Amino acid sequence: MEQVMVLNHPLIQHKISMLRDKHTGTNEFRTLVEEIAMLMGYEALRDLPTEDIEVETPLETCMTPVIAGKKLAVVPILRAGLGMVGGILSLVPTAKVGHIGLYRDPETHEPHEYYCKLPQPIDQRTILVLDPMLATGGSGSDAVNLIKRHGGKHIKFMCIIAAPEGLARLQEDHPDIQIYIGSLDRGLNEQAYICPGLGDAGDRIFGTK
Ligand code: PRP
Ligand code: URA
């Protein structure tokens, strides 16, 4: 399997274009983020473990696979990653949810950790880290470091928009994880915002400024 997948399905691309539009309001933005996460999750969870259960069809009894949902941990990076959780849980409602709180210093653009709570045992789960934006890659890389320090092994990172700089950093720091991207954009500006991007994802999801 490739380490990086850009999920350029027309449905995902269409919804990302709506997200980019500065005229898209908070309510619609939130819905779009959730829908995109669900569409991306369909691909990112392709290798999710299944287990066979016994089912009686109208004709006979058979063993048939179901998702081993308790084996999935969804871990949004606060705040903006929260907007993607519902989309993944609509696919795997039994998944456990952890949280990692990081904020980017506006001057240095370095991430600072303020919260971490992960479902245990974490080492036996597929862990899907969610953040709409991979800019410098500092937050994504630190989040994966934290999860590894807690024992996480099978880690996937899913973002809606990535900058080449952030992708390179995440690949270099964590060559062992799978990375799913909705759109790989041109690059970062002086404030380390992704261009063309969509602006500040957290502010647009939560209606703050
Ligand atoms: C944003 C975004 C990522 C991070 C990406 O969060 O949601 O977590 O920046 O930037 P990086 O790749 O350069 O680290 P922010 O720190 O603005 O916090 P918020 O989600 O609480 O708004
Ligand atoms: N965080 C965001 O929300 N947007 C960017 O473009 C970069 C970091």
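**Contacts, helix pairs and an aromatic pair**

Apart from its neighbours within four places in sequence, Thr 126 is in contact with Pro 49, Lys 71, Leu 72, Ala 73, His 154 and Lys 156. The model in which these contacts are found is a predicted one. Thr 126 belongs to strand S8, which comprises residues 126-130. The relative accessibility of Thr 126 is 5%, so this residue counts as buried, the cut-off for that class being under 20%.

The account now turns to the packing of helices. Two packed helices are described by the angle between their axes and by the distance between those axes. For helix H1 (residues 10-20) and helix H2 (residues 26-44), the angle is about 155° and the axes are 10 Å apart. H1 is therefore roughly antiparallel to H2, since angles over 145 degrees are classed in this way. The contact involves Leu 11, Ile 12, Lys 15, Ile 16, Met 18 and Leu 19 on the side of H1. On the side of H2, it involves Phe 29, Leu 32, Val 33, Glu 35, Ile 36, Leu 39 and Met 40. Sorted by class, the contact of H1 with H2 has 11 nonpolar and 2 charged residues, and no polar ones. The crossing of H1 and H2 is left-handed.

A second pair of helices is formed by H4 (residues 138-149) and H5 (residues 164-173), whose axes come within 8 Å and cross at roughly 20°. H4 is therefore roughly parallel to H5, because the angle falls in the class under 35 degrees. The crossing of H4 and H5 is right-handed. From H4, the contact draws on Gly 138, Gly 140, Ser 141, Asp 142 and Val 144, and from H5 on Arg 169, Leu 170 and Asp 173. By class, the contact of H4 with H5 has 2 nonpolar, 3 polar and 3 charged residues.

The final topic is the pairing of aromatic rings. Such a pair is described by the distance of the ring centres and the angle of the planes. The count for this model comes to 1 aromatic pair. Tyr 103 and Tyr 114 form this pair, with 6.2 Å from centre to centre and 35° between the planes, and the arrangement is tilted. The pair links distant parts of the chain: Tyr 103 lies in strand S6 (residues 99-104) and Tyr 114 in strand S7 (residues 111-117), 11 residues apart. Tyr 103 is partly exposed, with a relative accessible area of 43%. Tyr 114 is likewise partly exposed, with a relative accessible area of 44%.

Technical notes
Residues are numbered from 1 along each chain as its sequence is written. Chains are lettered from A and ligands numbered from 1 in the order in which they are written. This is a predicted model: local features need pLDDT of at least 70, side-chain atom pairs count only at pLDDT 80 or more; totals for chains, interfaces and linings use all residues. Side-chain values use heavy atoms; hydrogens and water are left out. Axes are lines fitted to C-alpha atoms, for helices over the stretch in contact, and angles run from 0 to 180 degrees between N-to-C directions. Helices (H or I, at least four residues) and strands (E, at least two) are DSSP runs, numbered from the N terminus. Angles under 35 degrees count as roughly parallel, over 145 as roughly antiparallel, 65 to 115 as roughly perpendicular and the rest as oblique. A crossing is left-handed if the near helix is turned anticlockwise from the far one by less than a right angle, and right-handed if clockwise. Contact means heavy atoms within 4.5 Å. Ala, Val, Leu, Ile, Met, Phe, Trp, Tyr, Cys and Pro count as nonpolar, Asp, Glu, Lys and Arg as charged, and the others, Gly among them, as polar. Rings of Phe, Tyr and Trp (its six-membered ring) pair if their centres lie within 6.5 Å; planes under 30 degrees apart count as stacked, over 60 as edge-to-face and the rest as tilted. Buried means under 20% relative accessible area, exposed over 50%, partly exposed in between (1.4 Å probe, protein chains only).
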